[in-house]
Amino acid sequence: MTQAARAPRVFSGIQPSGGLTLGNYLGALKRFVETQNEGVETLYCLVDLHAITVWQEPEALRHATRAMAAGFIAAGIDPQRSILFNQSQVSAHAELAWIFNCVARMGWLSRMTQFKDKAGKHRENASVGLFAYPSLMAADILAYHATHVPVGEDQKQHLELTREIAIKFNHDFGVDFFPLVEPVIEGTATRVMSLRDGTKKMSKSDPSDMTRINLTDDADTISLKIRKARTDPEPLPETAEGLEDRPEARNLVNIFAALSDRNVESVLADYAGRGFGEFKPALAELAVARLSPINAEMNRLLQDTAEIDRLLGWGAERADVIARPILERVYDIVGMVRSRPGRPV
Ligand code: TYM
């Protein structure tokens with residue numbers, strides 16, 4: 001099937017290593033909900049196998065996976081309309097990743113900036129999984145023949161690698177089997193920055209909690225973090241160009257725009273000429289109004305972890321129905337003997 005003939009199928013994933021940040025919410029989750037609500041087929045995956053590429057306490061990982069599932073549902077993911085599941089429950093991901101480990105080249109993976117950042121100076125001590133991380137990510141996407149992948153800016157390089165893997169697989173085996181995925185990196189919040197340093201990405205792994213807003217923060221904490229956010233002494237400009245050399249100011253305006261579903265120009269039309277003494281309280285009020293209901297619903301859902309586990313299991317069953325026949329085709333293309341009865345090829 002050619003891509004043009006196929007209905008769009010959207011896939012994306014988030015690592016359940018710690019909680020959801022405002023960066024995850026605006027760069028990914030909020031857009032996942034919007035895409036689902038457009039009526040497109042959507043699969044959303046909590047990538048627990050990716051999470052363990054760096055050390056995770058088993059109990060903390062289990063809790064984070066359930067909390068993230070609750071966060072997704074609280075933010076508007078409907079487990080009926082979207083397929084919501086955790087990666088380790090669908091073995092096609094790990095199986096296809098192995099095949100892609102044999103397609104991807106060491107040189108390609110060595111160039112990945114996320115590996116360089118995460119491995120730091122101690123590359124020899126990084127797990128093999130951290131190095132092979134992008135093969136598993138390519139498997140996540142290609143196991144479903146997904147056509148579109150909504151992500152934040154930082155995942156662009158991994159998606160380019162996914163395309164490289166698909167091209168090389170198709171070329172090596174002389175097939176037109178894997179589609180070339182389209183990264184969907186859109187909106188005003190594809191790169192939400194740290195509240196303390198406008199040149200660094202907001203990240204759940206930053207040692208300082210003051211750099212980020214977590215979806216689990218209460219109203220007072222959100223207000224405090226915004227009040228303490230680094231800014232400059234200038235008033236807000238009239239146009240977006242006026243924010244160019246002001247990373248902290250630009251970040252707060254982008255966050256305001258994304259949270260209020262407006263563009264930057266429209267936010268500046270309201271706040272041009274005003275200082276942060278006025279802008280920050282308005283932003284804090286908006287952030288609390290948008291995030292507090294999600295937080296409250298998430299806590300409510302987390303009271304019943306059995307129900308969350310049931311929903312993830314149901315999502316995994318539906319995901320498996322799509323991925324298994326694609327994987328069986330891959331085994332066939334690669335030349336594996338598959339002789340157990342009942343396996344669809
Ligand atoms: P992860 O868990 O680091 O982040 C999940 C999603 O949130 C986005 N994001 C941000 N967006 C804007 N500003 C920020 N500060 C910010 N921080 C995070 C990320 O871009 C991402 O979209 N490798 C992926 C997970 C993954 C995946 C996949 C994604 C595994 N398999 C298949 C898509 C398709 C990751 O580490 O995301």
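Trainee: Which domains does the domain assignment of the chain give?

Mentor: This is a predicted model: local features need pLDDT of at least 70, side-chain atom pairs count only at pLDDT 80 or more, and totals for chains, interfaces and linings use all residues. Residues are numbered from 1 along each chain as its sequence is written, and side-chain values use heavy atoms, leaving out hydrogens and water. Domain bounds come from an automatic or database domain assignment. That assignment gives domain 1 (3–185 + 304–334) and domain 2 (209–300).

Trainee: What area is buried between domain 1 and domain 2?

Mentor: Buried area is the accessible area (1.4 Å probe) that two parts lose on being put together, summed over both. Carbon and sulfur atoms give 74% of it here. The total between domain 1 and domain 2 is about 1100 Å².

Trainee: Which residues of domain 1 lose the most area to domain 2?

Mentor: Three residues together make up 44% of what the domain 1 side buries. They are Leu 22, Tyr 25 and Ala 74.

Trainee: Which side chains meet in a salt bridge with 2.5 Å from N to O?

Mentor: A salt bridge is a side-chain nitrogen of Lys or Arg within 4 Å of a carboxyl oxygen of Asp or Glu. Across the interface of domain 1 and domain 2, the rule finds one. At 2.5 Å, N to O, the side chains that meet are Asp 261 and Lys 30.

Trainee: Is Lys 30 buried or exposed?

Mentor: Buried means under 20% relative accessible area, exposed over 50%, partly exposed in between (1.4 Å probe, protein chains only). Lys 30 has a relative accessible area of 11%, so Lys 30 is buried.

Trainee: Which residues are linked with Lys 30 in a network of salt bridges?

Mentor: Lys 30 belongs to a network of salt bridges.

Trainee: Where do Arg 300 and Glu 297 both lie?

Mentor: Their side chains meet in a salt bridge (3.0 Å, N to O). They sit three residues apart, about one turn of the helix. An α-helix has 3.6 residues a turn, so residues three or four places apart point the same way. Both lie in helix α12 (residues 276–301).

Conventions:
Helix = DSSP H or I, 4+ residues; strand = E, 2+ residues; numbered from the N terminus.
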